[in-house]
Every structure is written in C-alpha cells, then in structure tokens.
Amino acid sequence: MTIIAGNWKMNHDPDSSSAFFKKLQSYGPIPDNVKTVIFPTFLCLDSAQKNSSGVEIGAQNGNPEKSGALTGEISIFDFPKIDINWLLVGHSERRHIFKEDPKLLKRKVETSLSLGIKTVYCVGETIEDKEKGLTEEVLKKQISYLENFLSDENLIIAYEPVWAIGSGMPAGSKDADEASLLCKDFCKRDIDILYGGSVNSQNVSNYLSSGLIGGFLIGGASLDADSYRALIDAVA
Ligand code: PGA
C-alpha cells in the first residue's frame with residue numbers, strides 16, 4: 001500500500017477545501033493499493049473530514065502539552081477526540097522558520113505516539129549539508145532523537161531534502177533510495193519511508209521501482225484535485 005500524503009501548508013480555506021474533495025470524489029473511488037492522507041490547515045479540518053470520503057485527514061502541527069497558558073497553540077491530546085489520527089512533526093518549515101528544536105520535536109513525537117496517532121516525522125539535509133557530504137550524519141542525528149520510539153509501528157519517516165522542497169528540483173531516485181536505506185538502518189527496522197520534495201505525477205513513478213520508498217509527502221501538487229488524483233493514478 002503506497003501512501004500519498006498531501007501537505008497543504010497554509011493554503012485553502014473551508015470552501016476551497018470542500019471543493020477539492022468534491023472534485024476528487026468525482027473521479028471515483030481511490031484504488032485499493034493507495035492510502036491517501038491530507039494535512040489541511042486547522043480551519044479546514046472540519047470541512048475536510050465532512051467531505052473527505054476515503055481520504056484520511058491529519059494535522060500539520062500540534063503542541064505536546066495537554067492544556068495551559070499557551071496562546072494560539074493546539075494540543076495533540078485533542079486530535080483523537082475529533083478523529084484526527086495523523087500528525088506531521090519536524091517538517092523543514094517548522095524546523096527552520098519556526099525554530100522548533102529537537103527537544104520539542106521529540107516531545108511532539110512521544111505524545112503523538114502515546115495517543116496512537118500515526119506520526120510522520122520529517123528529516124532531511126539542507127543544500128549546505130549536502131555539499132559538505134553530511135547527509136548521512138544529518139539524518140542519523142535527526143533520527144537519533146527518537147531512539148526510544150523507533151520501534152513504534154505508528155511512526156513513519158518522511159525523507160524531505162530541504163533543497164528539494166518547493167524548488168522544482170526533486171532528489172534523484174538513487175539519492176532517495178540511499179536515504180531510505182540509511183533511515184531504515186538508523187531505525188533498525190523496515191520502517192515506512194516517504195519521499196517528499198517537488199514530487200508530481202510525472203516524476204512519482206521514478207521512486208517506485210526499488211521498493212525502498214513506501215509513499216510520498218506532497219506539497220504543491222496536492223493542492224489541486226486534478227494533480228492529486230493524477231499522482232494517485234500514476235502510483236496505482
Ligand atoms: P513540495 O513540498 O511537494 O511542494 O516540494 C513538499 C513538502 O513540503 O512536504
């Protein structure tokens with residue numbers, strides 16, 4: 001089963017989110033060999049859930065505290081109460097723009113897994129890391145923070161090289177395979193690895209032949225129902 005996860009980031013409003021799912025539905029059922037998940041904005045969670053028919057819905061971010069004086073935050077503990085059972089943690093934008101540090105990311109993963117939430121932990125090197133030949137070291141370090149949780153079956157790793165995100169320059173399939181092998185090795189098991197970074201319906205099949213990539217985390221190409229469905233069909 002190949003996972004096709006769509007990260008909408010700060011795009012779509014409740015109306016355009018409903019329109020997306022209605023259009024997606026008009027293409028007919030999702031093929032059985034594909035699992036679809038969309039991570040909309042918090043404001044779109046409700047409308048997405050009401051219209052998603054077969055697409056699972058997840059949260060892009062959450063706070064590991066149960067409650068408290070944390071203006072503007074949303075607790076991970078509240079997601080299962082509204083049937084949100086997927087969470088993204090450690091996306092490059094959270095690490096780099098919002099300066100989320102490994103300690104916080106670890107707590108998010110720990111909380112999320114303790115609640116049985118499918119947790120997609122994003123890792124990936126910057127272009128500077130890559131040029132210095134540090135990819136292996138960076139991935140090892142980012143994964144090492146989760147050492148106590150690596151055997152949890154609800155943990156999924158997304159390999160997203162920072163330089164490939166939104167750049168139109170996807171990683172080559174050989175590089176993605178190599179990163180996947182490293183991540184599996186660091187996790188000491190055959191954990192599901194998603195690849196993300198400028199994936200679209202034209203290049204997605206390049207990553208499927210080795211069997212090392214278990215799915216995709218898609219930004220830009222997940223925003224439009226036509227291109228999201230084209231991805232699903234290319235994979236199925
Ligand atoms: P992209 O984004 O597909 O637009 O490169 C991927 C991501 O940020 O998860």
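**Buried cysteines, a parallel sheet and an enclosed ligand**

Cysteine 122 is buried, with a relative accessible area of 1%; buried here stands for under 20% relative accessible area, exposed for over 50% and partly exposed for values in between, using a 1.4 Å probe and protein chains only. The structure is a predicted model, in which local features need pLDDT of at least 70 and side-chain atom pairs count only at pLDDT 80 or more, while totals for chains, interfaces and linings use all residues. Residues are numbered from 1 along each chain as its sequence is written, and side-chain values rest on heavy atoms, with hydrogens and water left out.

A disulfide is a covalent bond between the sulfur atoms of two cysteines. When it is assigned to pairs of cysteine sulfur atoms within 2.5 Å, the count comes to zero disulfides. For cysteine 122, the closest cysteine sulfur belongs to cysteine 183 and is 11 Å away, which is too far for a bond. Cysteine 183 is in no disulfide either, the nearest cysteine sulfur being that of cysteine 187, at 6.5 Å. Cysteine 183 is also buried, with a relative accessible area of 0%.

Attention now turns to the sheet. Helices (H or I, at least four residues) and strands (E, at least two) are DSSP runs numbered from the N terminus, and two strands are taken to pair if DSSP finds at least two bridges between them. On this basis, eight strands form an open sheet with parallel pairing, in the order E3-E2-E1-E8-E7-E6-E5-E4. Its edge strands are E3 and E4 (86–89), each of which pairs on one side only.

Strand E1 (residues 2–7) is parallel to E2 and joined to it by six bridges; within this pairing, isoleucine 4 has threonine 36 of E2 as its bridge partner. E1 is also joined to strand E8 (residues 215–218), again in parallel, through four bridges, and here alanine 5 stands opposite leucine 217. In a regular strand the side chains alternate between the two faces of the sheet.

Strand E2 (residues 34–39) is largely enclosed by the rest of the structure, because five of its six residues are buried. Two bridges link E2 to the parallel strand E3 (residues 56–57), where glutamate 56 lies opposite valine 37. E2 takes part in a right-handed β-α-β unit with E1 and helix H1 (residues 14–26), and in another right-handed unit of this kind with helix H2 (residues 45–51) and E3. A crossover is called right-handed if, with the strands pointing away from the viewer, the path from the first strand over the helix to the second runs clockwise.

The ligand is surrounded by 13 residues, of which the closest are Lys9, His91, Glu160, Gly166 and Ser198; a residue is counted when one of its heavy atoms lies within 4 Å. Polar contacts are pairs of N or O atoms within 3.5 Å; within protein, one atom must be able to donate a hydrogen and the other to accept it, and residues adjacent in sequence count only if both atoms are side-chain atoms. An oxygen atom of the ligand is 2.7 Å from an N or O atom in the side chain of histidine 91, and a ligand oxygen atom is 2.7 Å from a side-chain N or O atom of glutamate 160. A polar backbone atom of glycine 220 is 2.9 Å from an oxygen atom of the ligand. Taken alone the ligand exposes 280 Å², and the protein buries 95% of that; accessible areas come from the Shrake-Rupley method with a 1.4 Å probe, and for residues only the protein chains shown count as cover.

Finally, arginine 229 sits in helix H8 (residues 225–235). Arginine 229 is buried, with a relative accessible area of 8%, and its side chain reaches the backbone oxygen of glycine 28 at 3.2 Å.
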